[in-house]
Amino acid sequence: MKQKEDVNCTPGKDGSSAADGAVTSMLVVDDNYMMRSMIGRMLAQLIPGGTCDVSSCGKALLETLRKDTYHLAIIDLAMPDMGGREIASRIREIERELGR
């Protein structure tokens, strides 16, 4: 699995899709580098061939979600800029706005 590290707090996508319904595009959001790395490695072992984007903050992630879709998101509940519950709530709002 490819893993991209979000150095500038701006996550991205590589265009992978899951036409067969399999989980292939994943997202890990955590302000702790070690946790992001560990979870990314675990996902690589569990889901070979998928892509995993990682981000260290929630605010930049929300703009990315307006154009990218993920099959799985693992989000830290307690981060300095925005916690996981707030991110989840905003993801739902974005999904409703975009009709997803």
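Buried means under 20% relative accessible area, exposed means over 50%, and partly exposed is anything in between, using a 1.4 Å probe and the protein chains only. The structure is a predicted model, so local features are reported at pLDDT of at least 70 and side-chain atom pairs at pLDDT 80 or more, while totals for chains, interfaces and linings take in all residues. Residues are numbered from 1 along each chain as its sequence is written, and side-chain values use heavy atoms, with hydrogens and water left out.

To start with the overall layout, the chain has 3 helices and 4 strands, where helices (H or I, at least four residues) and strands (E, at least two) are DSSP runs numbered from the N terminus. Read along the sequence, these elements come in the order β-β-α-β-α-β-α. Of the 100 residues in the chain, 38% are buried. The chain exposes about 5800 Å², and carbon and sulfur atoms supply 54% of that; accessible areas come from the Shrake-Rupley method with a 1.4 Å probe, and for residues just the protein chains shown count as cover. Contacts are heavy atoms within 4.5 Å. Among those with a separation of 6 or more, residues 24 or more positions apart account for 75%.

Helix 1 covers residues 33–46, and its 14 residues should span 20 Å at 1.5 Å a residue; the C-alpha atoms at its ends are 20 Å apart, which agrees. The expected span here is 1.5 Å times one less than the number of residues. At the start of this helix, a side-chain oxygen of Asn32 comes to within 2.9 Å of the backbone nitrogen of Met34. Which residues of helix 1 are buried? They are Arg36, Ser37, Ile39, Gly40 and Leu43. An α-helix has 3.6 residues a turn, so residues three or four places apart point the same way. Gly40 counts as buried because its relative accessibility is 1%.

Two buried polar residues sit in the strands. Ser25 belongs to strand 2 (residues 25–29) and, at 0% relative accessibility, counts as buried. A polar atom of the Ser25 side chain lies 3.1 Å from the backbone oxygen of Thr69. Asp53 is in strand 3 (residues 51–55), and its relative accessible area of 3% is why it counts as buried. The side chain of Asp53 makes a polar contact of 2.9 Å with the side chain of Tyr70.

Now for the charged pairs. With a salt bridge taken as a side-chain nitrogen of Lys or Arg within 4 Å of a carboxyl oxygen of Asp or Glu, the count comes to 3. One of them joins Arg66 to Glu97, with the closest N and O atoms 2.8 Å apart. This pair links distant parts of the chain: Arg66 is in the loop between helix 2 (58–64) and strand 4 (72–75), and Glu97 is in helix 3 (residues 84–98), 31 residues apart. Arg66 is partly exposed at 33% relative accessible area, whereas Glu97, at 54%, counts as exposed.

Another salt bridge brings together the side chains of Arg90 and Glu86, at 2.8 Å from N to O. Both residues lie in helix 3, 4 residues apart, or about one turn of the helix. Arg90 counts as partly exposed because its relative accessibility is 34%, and Glu86 counts as partly exposed at 35%. The side chains of Arg100 and Glu95 also meet in a salt bridge, at 3.2 Å from N to O. Arg100 is partly exposed at 40% relative accessible area, and Glu95 is partly exposed at 24%.

The surface also carries a nonpolar patch. Val23, Leu72 and Ile74 make it up, with about 180 Å² of accessible area together. Patches are made of residues with over 30% relative accessible area and no salt bridge, joining like charges within 9 Å and nonpolar side chains (Val, Leu, Ile, Met, Phe, Trp, Tyr) within 5 Å. Leu72 is in strand 4 and counts as partly exposed at 30% relative accessibility.

Note on methods:
A polar contact is a pair of N or O atoms within 3.5 Å; within protein, one must be able to donate a hydrogen and the other to accept it, and residues adjacent in sequence count only if both atoms are side-chain atoms.
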